[in-house]
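These are my notebook entries on one structure.

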Amino acid sequence: MSRLDTLIAGGEVLLPDGLAQLDLGLTDGKVAGIYAPGSAPVAKETISAIGKTVLPGIVDIHFHVRAPAYPERGTVQSETRAAAAGGITTLFEMPISKPCCSTPEELARRRDHFAENAVIDFALYAAPGDLTEASRDKMMDLGCIAWKIFTTPSPPGRADEFEGLAFPDEADQLQALRLLAGTGLPIVVHAESAQLLAHFEDAAKALDPADAATHGKSRPAICESVAVAKLLTMNMEAQAKLHIAHVTSAETVAVLRAFAGTSDFTAETCPQYLFATEDDVAKAGIYAKVNPPIRHRADQDALWQAIEDGVITYVTTDHAPFAKAEKQAAEGDFPGAPPGVPGIEFILPAMLDAVSRGRLTLKGAHDLICANGAKRYGLYPSKGALLPGSQADVTIVDLKGETMFSPETMHTHAREVAHLFYGRILRGKVCETILAGRSVFRDGEVIGAPGGGRYVRP
């Protein structure tokens, strides 16, 4: 038998059909073999996983860093380092950038910037831009992983960041679905009704801007559910590979159920909606403002039920760091505060905590944050699985360990605005993250080098 580069020995390995006490061999950046304990070839390096659980490296399909713009919010280096610390080996970067990633030129520029700086593997979304076949085909040739659109208008003062991404007009939304349907790539949509948002935001001007409830009243669940219903109706004709981003409400879950089987669509939610409510937002203040808003306990319960029933099959971070000065400047002004929380280090410990509480099986949790995304985006089993020939992306966790969140324990540049997570102690800890056979995070320290991540194409 040929010699292995690395042997991960003594742990329980999560395979596609469940957990097994096995040793995992890695060579040349790939999984070389899976062995009964003690039967593996000799290895140059052995990593002890005794008492630990060995998972395929996590794939986060919804991530924002906006680089190379706004380095004060975080950089490709800082946020991919945080991702490595969170057990993530591959992330999909959304196209909000300055300018928007809606042209072939900007897609190529961002690809090169990430390649130079990323500590883990990355893929890039593209916005459909001018809605022409020529632009679409060039961005596909450059290897975009999928498409993204908003059904909302560009935020005030940020038109260049959303040019070719924001399509509040329904005719444009339908045109985008039709244009992109034939590409075979998923189309991810931030779905809120532009008309209803304008109506409720205007009505909310009479409310206390410092009250967390004002944000929810300015963007109530009906804005989301109506937009999703319209998109799913359009998709009955367009038949695109549609994906609804960050579902937040019981109303929207009901819409997803009602449209089951009408077209090829999937849906995701995020940890902030599964593990927090408006009460938590009230405590954390504007640091916990996200769009769409974090809602009520009944909505949270509906999301968990939707996961149990297979209506929602993805959990993603929607990691969106902002600078402390930006959040502080909006103190007491929920409508004016920048929306987003830095969730890349929270998602895996949170899902492991749900496993410890009996809310999910380990395989179910892993499918939600990794394997399902890898399959939907055409990367499985190279990513999302530990099988012979799979990329040697591995996350070693301690299911009995604890993770506590504070500015001192987090790696994201936005750790000083992660108030939503401060003080939480979760059952489950990331011990080591391995990318293509090389450790990038171990025992609390990020050891991966900038430029070590590779560009992932569908």
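**Entry 1: the mixed sheet and its helices**

I began with helix H15 (residues 362-376), which lies across strand S2 (12-15), S3, S7 and S16 and runs at about 30 degrees to S7. Helix H14 (residues 347-356) lies across strand S7 (53-56), S16 and S17, at about 125 degrees to S17. Axes here are lines fitted to C-alpha atoms, for helices over the stretch in contact, with angles from 0 to 180 degrees between N-to-C directions; contact means heavy atoms within 4.5 Å. Helices (H or I, at least four residues) and strands (E, at least two) are DSSP runs numbered from the N terminus.

I note the basis of these entries: the model is predicted, local features need pLDDT of at least 70, side-chain atom pairs count only at pLDDT 80 or more, and totals for chains, interfaces and linings use all residues. Residues are numbered from 1 along each chain as its sequence is written, and side-chain values use heavy atoms, with hydrogens and water left out.

I then traced the sheet under these helices' entries: seven strands form an open sheet in the order S3-S2-S7-S16-S17-S18-S19, with mixed pairing. Strand S3 (18-21) and strand S19 (445-446) are at the edges with a single partner strand each, so one side of each has no neighbour in the sheet. Two strands count as paired if DSSP finds at least two bridges between them. Strand S18 (residues 438-442) pairs with S19 in the antiparallel sense over two bridges, and Phe 441 stands opposite Val 446 in S19.

**Entry 2: the hairpin**

Strand S4 (residues 23-27) and strand S5 (residues 30-35) run antiparallel and are joined by five bridges. Gly 25 stands opposite Gly 33 in S5. The two strands, S4 and S5, form a hairpin with two residues between them, and Asp 28 in the turn has a positive phi of about 55 degrees.

**Entry 3: the parallel sheet**

S11 and strand S12 (residues 187-190) pair in the parallel sense over four bridges; the bridge partner of Lys 148 in S12 is Val 188.

**Entry 4: pockets and cavities**

I searched a 1 Å grid over the protein atoms alone: a cavity is a set of points where a 1.4 Å probe fits but cannot get out, a pocket is an open set with protein on both sides within 12 Å along at least five of seven lines, and lining residues have an atom within 4 Å of a point. Grid points are joined across faces, edges and corners, and a volume is the space filled by probe spheres set on the points.

The largest pocket has a volume of about 940 Å³. Its lining comprises 40 residues, with Pro 155, Arg 158, Arg 219, Asn 291 and Pro 339 nearest the centre. Strand S11 (146-150), helix H6 (194-203) and helix H7 (212-218) each supply at least two lining residues of this pocket, and H6 gives the most, with four. The lining of the largest pocket divides into 18 nonpolar, twelve polar and ten charged residues. In this classification Ala, Val, Leu, Ile, Met, Phe, Trp, Tyr, Cys and Pro are nonpolar, Asp, Glu, Lys and Arg charged, and the others, Gly among them, polar.

The second largest pocket holds about 290 Å³ of space. It is lined by 16 residues, and Thr 403, Thr 409, Lys 429, Val 430 and Phe 441 are the closest to its centre. Strand S16 (394-404) and strand S17 (425-435) are the elements that give two or more residues to this lining.

I found four cavities of 30 Å³ or more. The largest cavity holds about 50 Å³, and H7 gives the most to its lining, with three residues.

**Entry 5: backbone angles**

Most residues other than glycine have a negative phi, and most peptide bonds are trans. The bond from Ala 67 to Pro 68 is cis, with omega near 10 degrees. Arg 66 has a positive phi of about 70 degrees although it is not a glycine, and it lies in the loop between S8 and H1. A cis peptide bond also joins Lys 98 and Pro 99, with omega about 5 degrees.
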